[in-house]
Amino acid sequence: MAHRKTFKLLCGFAGGSAVLPAWTPASHTPAPTGHAWDFNWDKRDPSLLSNGKSKKESATEGPGSEQDNGKPKATRNILLIRHSQYNLSGNSDKERILTPLGREQAELTGQRLAALGLKYDVFIHSSMSRATETANIINKHLAGVELVSCDLLREGAPIEPVPPVTHWKPDAVQYHEDGARIEAAFRRYIHRADPRQKEDSYEIIVCHANVIRYFVCRALQFPPEGWLRIGLNNGSITWLTIRPSGRVALRTLGDSGFMPPDKLTRT
């Protein structure tokens, strides 16, 4: 009898009626944070760019108006590629070149990008040796795309991570200097299309794990200090899509499924 009573209590019965347990899904539904999506995150929302006209004047303009013509119409697809494995024992950037495995990884990434069958419009890379070499190998598989080097995309410490880690502690000056530069790179490259862009674009950026992780958090309007919670394999592909409305979607994060398991690294 005692066993039956215990069984009923465990199953949520009391006095012959069902009692909802404290762990029902409804009681654990996360409450909304209250942070609405900021459609003007890139300061390019056409509805807020009136060119000095009053709201009344802008509202009375027809669909063929200058304001309507100033609306973005194309989608930007930005493929962020982490550089391949490199020589960690190098004392300078020139010595931190790709390992033989790193060159294999770059070949595999290039083959994957070519197999996607996309028309790539822009190919930008960090000016650091490992990113430049990765970009050069990838570009062999993408005929006709000009390579552009950029110092803003160099590796660094974007913002102090939360929670902190014990194995990597840059000083405040490095966060201050690198953070400003990497944020400047984000503002230069991650934004909705210019109104003059008529067709969707596919753009490649080869850079570094810290830069990519920070870009993803900023683009999705997640707390940027969470960047170090994301891991990326060498040669992986992270795909951001930015709609004309300012909506951002993460299509892939660190995709490296096109590489054999024995070729995967994260150093």
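## Exercise 1: A helix and its surroundings

Among the elements covering the buried residues of helix 7 are strand 3 (76-82), helix 6 (172-189), strand 6 (201-207), strand 7 (237-242) and strand 8 (248-255). This is a predicted model, in which local features need pLDDT of at least 70, side-chain atom pairs count only at pLDDT 80 or more, and totals for chains, interfaces and linings use all residues. Residues are numbered from 1 along each chain as its sequence is written, and side-chain values use heavy atoms, leaving out hydrogens and water.

Task: explain why helix 7 is largely enclosed by the rest of the structure.

Solution: 
- Helices (H or I, at least four residues) and strands (E, at least two) are DSSP runs, numbered from the N terminus.
- Buried means under 20% relative accessible area, exposed over 50%, partly exposed in between (1.4 Å probe, protein chains only).
- In helix 7 (residues 209-219), 10 of the 11 residues are buried, so the rest of the structure largely encloses it.
- The buried residues include Tyr214 and Phe215.

## Exercise 2: Rings that meet

Task: work out how the rings of Tyr202 and Trp239 are arranged.

Solution: 
- Rings of Phe, Tyr and Trp (its six-membered ring) pair if their centres lie within 6.5 Å; planes under 30 degrees apart are stacked, over 60 edge-to-face, the rest tilted.
- Here the centres are 6.4 Å apart and the planes at 80°, so the Tyr202 and Trp239 pair is edge-to-face.
- Tyr202 belongs to strand 6 and Trp239 to strand 7, 37 residues apart.
- Both Tyr202 and Trp239 are buried.

Terms used: Contact = heavy atoms within 4.5 Å.
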